[in-house]
Amino acid sequence: EPMTGSTMLRNGGVGNGGQPWVLRWSSRIRLTWLSFTLFIILVFFPLIAHYYLTTIDDADDAGKRIFGPRTGNELCEVKHVQDLCRIRESVSEELLQLEAKRQELNSEIAKLNLKIEACKKSIENAKQDLLQLKNVISQTEHSYKELMAQNQPKLSLPIRLLPDKDDATFPLPKSSRSCRLHNCFDYSRCPLTSGFPVYVYNSDDYPFGSSLDPLIKQAFEATVRTNVYVTENANIACVYIVLVGEMQEPAMPKPTELEQQLHSLPYWRTDGHNHLIINLSRKSETQNFLYNISTGRAMVAQSTFYEAQYRPGFDIVISPLVHAMSEPNFLEIPPQVPVKRKYLFSFQGEKIESLRSSLQEVRSFEEEIEGNAPADYDDRIITTLKAVQDSKLDFVLVEFTCKNQPKASLPTEWALCGERDDRLELLKLSTFALIITPGDTRLVISAGCAMRLFEALEVGAIPVVLGEQVQLPYNDVIRWNEAALIIPKPRITEVHFLLRSISDNDLLAMRRQGRFLWETYFSTSDNVFSTVLAVIRTRIQIPAAPIREETAVEIPHRSGKAAGTDPNMADNGDLDLGPVETEPPYASPKYLRNFTLTAMDIYRNWNSAPGPFHLFPYTPFDPVLPSEAKFLGSGTGFRPIGGGAGGSGKEFQAALGGNVPREQFTVVMLTYEREEVLMNSLERLNGLPYLNKVVVVWNSPKLPSEDLLWPDIGVPIMV
């Protein structure tokens, strides 16, 4: 079969005289030439063009140059280039003008700022001048008001008035049993300004003195020597005091003998008015030998009273004198917390004689008893308390029979069991201490009940007194409901519920009040004697004796350091802190409330002050100004402790009532090695309205630094 040309070429053969080879060669030559031509064009053409462009401007004819640089004038010949040049020149001129105006405005602003500062200074000066003018006007108004208000004269320490003779027109009461202050006390011997002088008889000068308990007698004499009211001049005395007990049984005189000895006292004056007979009880044994003795118009102070014997508002129920010659050991007193103790309540006692079996003896002893025998609740009390103990709902301890011989007691009175230390140990474990009053309701108080009350308060057991007829010590001036529970005997079945319902906060408050009463009135012989005198003095409304003025040891210090800016010169808006005193500090009236204080504040002062000398307003002549508000601070702040609601300036004066045109206050600051904080605090007081002075209590044994410079705040600083 014949082959085609393509077939021959694929097979490498030669056909048609060698034409396939020629075709391949000619194709290769054409590709090579084409590649070479493209290379020449791409390489040499740019070089020729570059050369032409760089050498074309070298011609002599300057007009034929196309790419060479031209001058500015030649550029401006183009229209749009000329417009751009004009715009640039205009902007440059405007920028120069704006810069000149800016510099001119800055200069004007600087001048205006100087004028503003000068105006501010002038305004501040004008404000200060205006404030000073206001102060002058205000002080002038104060002075004018003081001159116009002549209805309240300024008082000074009053002259002491003393009695020279007895009141001959003194009315006689129908019976000594009906004695009260208005008909059995001679007020003429006790002027308000007398100072309440008290004369105490020397027991050794009289026969009954040999029968007194030595410890009672020694403690009483030691107390008398240090009391501020006792005087040796009997002619000026307001009250005459005689100690008649506690007496020792073997040497006790007969009632008729003791009555005769009392009536023979040199200042008895037939009826014994303005006399106080004190019968102190050191032990739990009850002595009421004064019952069958005619005491006339003399007041009686003891721990045992029958209803027919006791004269309310005249006689005084006192506490027993347990710590006669020794101070109580406060380290042995248990703490007031925890509130709840082991026993909910406890009672130990034994009644030697029931009411019904002792009525005949009581009638012979107390001839004025009339009517039927009172109800005896003691059997019901015993049954109820035993049922509570057997129920085991709470731990209680009640014992109605003494393990040892019970103490001596009056008929129908619950006798004490055991020794004092044993009773105290039980009370330390008791939240409440039951005190059952005598079955005979006409026995209003006994030494045994008073001893139970004393021991309960001493160790923090809250007293629960069963019997509302009882007359507790100093009951006319002490709020006993704040420290004890007084429950009628018919409510004995509800006592357990009542005691369980009292909250812990109330229990703690009552325990604290009881501790306060015990420490203040019952704990020592000094407290007992001072309290008895204070009761009488408060009843007849005589101010207490002044506390002796003693000059404080002032620490030398340098002052002169410039204080900070006056806070009253700042812009306080509508808040008016009052005028700044430009005159030196002045003393407020000291004696405006001397005699109204006792009558008006008797209960508040009695129950809230920290000691017997403060309870019965003891400081009416205190050099601390009564119209001053006192502030207490720790170096960084102050807390008002008196004189109204505090504040300063106008608010301070309004808080004090505004009765005095000018009223000032004193700042008291306590500090301890905080010199920098103290100085800063003092500087903040500079210019404080109505500030009288500053008292700094340096509460450290290390004195201040000698180089410490104290600020000058315009008022005295006492260190």
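Student: Is arginine 282 buried, exposed or partly exposed?
Tutor: In this predicted model, arginine 282 has a relative accessible area of 21%, so it is partly exposed. The cut-off for buried is under 20%.

Student: Where is arginine 282 found?
Tutor: Arginine 282 sits in the loop between β3 (275–279) and β4 (299–302).

Student: What does arginine 282 touch, leaving out residues up to four places away in sequence?
Tutor: Its contacts are Asp213, Leu215, Ile216, Glu246, Leu321, Val322, Ala324 and Met451.

Student: Take aspartate 213. How far apart are the C-alpha atoms of that pair?
Tutor: The C-alpha atoms of arginine 282 and aspartate 213 are separated by 8.8 Å, and the two residues are 69 residues apart along the chain.

Student: Switching to cysteines. How many disulfides does the structure hold?
Tutor: There are 3 disulfides. With the bonded cysteines numbered in sequence order, the pairing reads 1-2, 3-4, 5-6.

Student: Which cysteine is joined to cysteine 179, and what is the S to S distance?
Tutor: Cysteine 179 is joined to cysteine 184, with an S to S distance of 1.9 Å. Both cysteine 179 and cysteine 184 are buried.

Student: Is the disulfide of cysteine 179 and cysteine 184 left-handed or right-handed?
Tutor: The torsion about its S-S bond is about -75 degrees, so the disulfide is left-handed.

Student: And what about cysteine 190 and cysteine 238, left-handed or right-handed?
Tutor: The disulfide of cysteine 190 and cysteine 238 is right-handed, because the torsion about the S-S bond is about 95 degrees. Cysteine 190 is in the loop between α5 (181–184) and β1 (198–200), and cysteine 238 is in the loop between α6 (214–226) and β2 (239–245), so the pair ties together parts that are 48 residues apart in sequence. The sulfur atoms of cysteine 190 and cysteine 238 are 1.6 Å apart, and both residues are buried.

Student: Which cysteine does cysteine 402 pair with?
Tutor: Cysteine 402 is joined to cysteine 417, S to S 1.7 Å. This pair links distant parts of the chain, 15 residues apart: cysteine 402 lies in the loop between β9 (397–399) and β10 (414–415), and cysteine 417 in the loop between β10 and α10 (420–428). The torsion about the S-S bond is about -65 degrees, so this disulfide is left-handed. Cysteine 402 and cysteine 417 are both buried.

Student: What about cysteine 85, buried or partly exposed?
Tutor: Cysteine 85 is partly exposed, with a relative accessible area of 22%. For cysteine 449 the value is 7%, and that residue is buried.

Student: On to helices. At what angle do α10 and α11 pack?
Tutor: α10 and α11 (residues 447–459) pack at about 50 degrees, and their axes are 9 Å apart. That angle makes α10 oblique to α11.

Student: Is the crossing of α10 and α11 left-handed or right-handed?
Tutor: The crossing of α10 and α11 is right-handed.

Student: Which residues make the contact?
Tutor: From α10, the contact uses Arg420, Arg423, Leu424, Leu427 and Lys428. From α11, it uses Phe454, Glu455, Ala456, Glu458 and Val459.

Student: Last topic, the record. Which residues does the "transmembrane region" annotation cover?
Tutor: The UniProt annotation, from an unreviewed entry, covers residues 31–53. In the model, residues 31–53 are 100% helix and 0% strand, and the end C-alpha atoms of that span lie 33 Å apart.

Terms used. Residues numbered from 1 in each chain as written. Predicted model: local features only at pLDDT ≥ 70, side-chain atom pairs only at ≥ 80, totals over all residues. Heavy atoms only, no water. UniProt positions renumbered as here; feature names shortened; annotations may be inferred. Helix = DSSP H or I, 4+ residues; strand = E, 2+ residues; numbered from the N terminus. Disulfide = S-S within 2.5 Å. Buried < 20%, exposed > 50% of the residue type's maximum accessible area, 1.4 Å probe, protein only. Axes fitted to C-alpha atoms, helices over the stretch in contact; angles between N-to-C directions. Parallel < 35°, antiparallel > 145°, perpendicular 65-115°, else oblique. Left-handed = near helix turned anticlockwise from the far one by under 90°. Contact = heavy atoms within 4.5 Å.
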